[in-house]
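This briefing covers strand pairing, salt bridges and backbone angles in one predicted model. The points are grouped by topic.

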Amino acid sequence: DGCVDPISGQVLNTGDILVQLGANNVANILKWINHSETDPGETGWVGYTQAPESYADPELQATGGTPIGGSLQTIYNQLAATDIHADALRGCRPYSVIVLTDGEESCNTNPVSVAAQLRSVPDNASSCTSNAQCPPNSWCSGGKCRYEVKTYVIAFAVAPNEYVNCHQIGVAGGTGGAIPAASQADLVTAM
């Protein structure tokens, strides 16, 4: 149905965090988008026996469905569980998610709802009773310091009828809507 991973056969309703949040991750990010792949069958990546950054030169590939909501939920869970608390600069900078998609949500997950939830991500390793106990750029709610994570959506070569869903995700994510892109130059401008 398009929402099954063509390699593993698993249902696509989540996302994979291929590169962890961190100060020294640029080289690991770039190898996923450098137009080069030394493991074209992805044989080293299937099974997750190592951290993704330790694999041969991989490349992002557009295959299968588009689980935008599941991917955003994976990011939300990771930020709430460990990443925000582990960030020594968490009170000094904003957080953002950039969704680059070639289509609307197609795997029965709810990206609009999750983009709205990302506007108030708890640091689950913290506790508080007032805003004064939280770092700058955060607030206390439900006993946890919370952070706004904005969701930017770049809709690359998206059909007009699918653009509506992309735009709704951007609105819910606090960025005003999706940014349309139809060429490499548009992508550079959008970024």
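- Val153 stands opposite Ala178, a residue of strand S6.
- Strand S5, residues 149-156, pairs with S6, residues 178-181, in the parallel sense over four bridges.
- Between S5 and S6 the chain passes through helix H4 (residues 160-172), and this β-α-β crossover is right-handed.

**Salt bridges**
- Two salt bridges are found when the whole structure is searched.
- One of them joins the side chains of Glu148 and Arg119, at 2.8 Å from N to O.
- Glu148 lies in the loop between strand S4 (144-147) and S5, and Arg119 lies in the loop between H3 and S2, so this pair ties together parts that are 29 residues apart in sequence.
- Glu148 is partly exposed at 31% relative accessibility, and Arg119 is partly exposed with a relative accessible area of 32%.
- A salt bridge also links the side chains of Arg93 and Asp87, with an N to O distance of 2.6 Å.
- Arg93 is partly exposed, its relative accessible area being 37%, whereas Asp87 counts as buried at 8% relative accessibility.

**Positive phi angles**
- Most residues other than glycine have a negative phi.
- Asn108 is not a glycine, yet its phi is positive, at about 60°.
- Asn108 sits in the loop between strand S1 (95-101) and helix H3 (111-117), and it is exposed, with a relative accessible area of 79%.
- Asn137, also not a glycine, has a positive phi of about 65°.
- The loop that holds Asn137 runs between strand S2 (121-122) and strand S3 (138-141).

Definitions and conventions: Residues are numbered from 1 along each chain as its sequence is written. This is a predicted model: local features need pLDDT of at least 70, side-chain atom pairs count only at pLDDT 80 or more; totals for chains, interfaces and linings use all residues. Side-chain values use heavy atoms; hydrogens and water are left out. Two strands pair if DSSP finds at least two bridges between them. Helices (H or I, at least four residues) and strands (E, at least two) are DSSP runs, numbered from the N terminus. A crossover is right-handed if, with the strands pointing away from the viewer, the path from the first strand over the helix to the second runs clockwise. Buried means under 20% relative accessible area, exposed over 50%, partly exposed in between (1.4 Å probe, protein chains only). A salt bridge is a side-chain nitrogen of Lys or Arg within 4 Å of a carboxyl oxygen of Asp or Glu.
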